[in-house]
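Work through the exercises below with the sequence and the structure side by side. Each task is followed by its solution.

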Amino acid sequence: WHLAKMSREDHSIEEWACIRSYPFLRPSISPRYGFLTLIAKNKLYTLGGTLSTGQYATDVLCFDLNQQKWEEPLQFPNQYEFHPPGNFASIAESSAQKYLIFGGKGNGYNNILTECDGNMDQLTFRRLDTTGQLPTPRYGHSAVVWRNMMYIFGGYDNTGTACNDIYWLDLNTLEWTKRAIKSLNVIPPRFCHCAYLMSLGDWRSSVTYSDPSLKEDVMGYDPDEMEMLVYGGSSDDGSSFNDIWRYNFRHSGWLRFDNPALSPKKSPPPIS
């Protein structure tokens, strides 16, 4: 196990530093990947994942950020009445110390929505009952929360294909709606990508657009308007993407970055 942190010594220099965790302070922890990570009360938790044996993890790991040491793992389901199923899933922060966990893959795919509360001394989980146009069960998708809506994009679903659909969940009513895409260009299906919210004001004057019909509207937006930025991911055939797309919530449309200066020089390795 390796932990690292990024430190900023001033406003221009950022560095990675290894967090040392001595073996005699560390309980027995199996190597894993594909887990979820969240922070609550200065503790870093990992949920689920796949072990090196190919089995799905059934424990919750906890690293104390103040004392910089691992605590004894918590076990599913022994120490929890309910816990989120699956290993590949998305976490989106909805309010202080609370997280939403959707979907994932374990012994099958799921489209269950779970709320995780980190305000207590120990994490608590509860299943949220939702209505409307539920997303298909999937893993490797992404999630962002904006204006009390959670947006789910992409992933690999139970039909055996990568997705490029978008669903949004009203966090007041817990009702799902599938978004119709209205732009000329549409992002290719993908999973295991990353998504992030960003203000239009951060980039609107520095890039070109592959969809000219939306350029004038976008340039006229309030700079505080947010969009979803999507990078990379894997396709059905196992190849990797290194493109960057932005999703406009108001227009329900996609724009692809065409500025070479903002594209990575090297594609990530394919998923094995």
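**Exercise 1.** Decide whether G233 is buried or exposed, and state where G233 lies in the chain.

Solution. The model is predicted. The relative accessibility of G233 is 14%. Buried means under 20%, so G233 counts as buried. G233 belongs to the loop that joins β21 (226–231) to β22 (244–248).

**Exercise 2.** List what G233 is in contact with, leaving aside neighbours within four places in sequence.

Solution. The contacts are F191, C192, H193, S239, S240 and F241.

**Exercise 3.** Count the aromatic pairs and classify the pair F63 and W70.

Solution. There are 12 aromatic pairs. F63 is buried at 0% relative accessible area, and W70 is buried at 5%.

**Exercise 4.** Classify the pair Y156 and F191, and say which parts of the chain this pair links.

Solution. The ring centres are 5.0 Å apart and the planes are at 65°, so Y156 and F191 are edge-to-face. Y156 is in strand β17 (residues 149–157), whereas F191 is in the loop between β19 (175–178) and β20 (194–199), 35 residues apart. Y156 is buried at 17% relative accessibility, and F191 at 8%.

Conventions:
Residues are numbered from 1 along each chain as its sequence is written. This is a predicted model: local features need pLDDT of at least 70, side-chain atom pairs count only at pLDDT 80 or more; totals for chains, interfaces and linings use all residues. Side-chain values use heavy atoms; hydrogens and water are left out. Helices (H or I, at least four residues) and strands (E, at least two) are DSSP runs, numbered from the N terminus. Buried means under 20% relative accessible area, exposed over 50%, partly exposed in between (1.4 Å probe, protein chains only). Contact means heavy atoms within 4.5 Å. Rings of Phe, Tyr and Trp (its six-membered ring) pair if their centres lie within 6.5 Å; planes under 30 degrees apart count as stacked, over 60 as edge-to-face and the rest as tilted.
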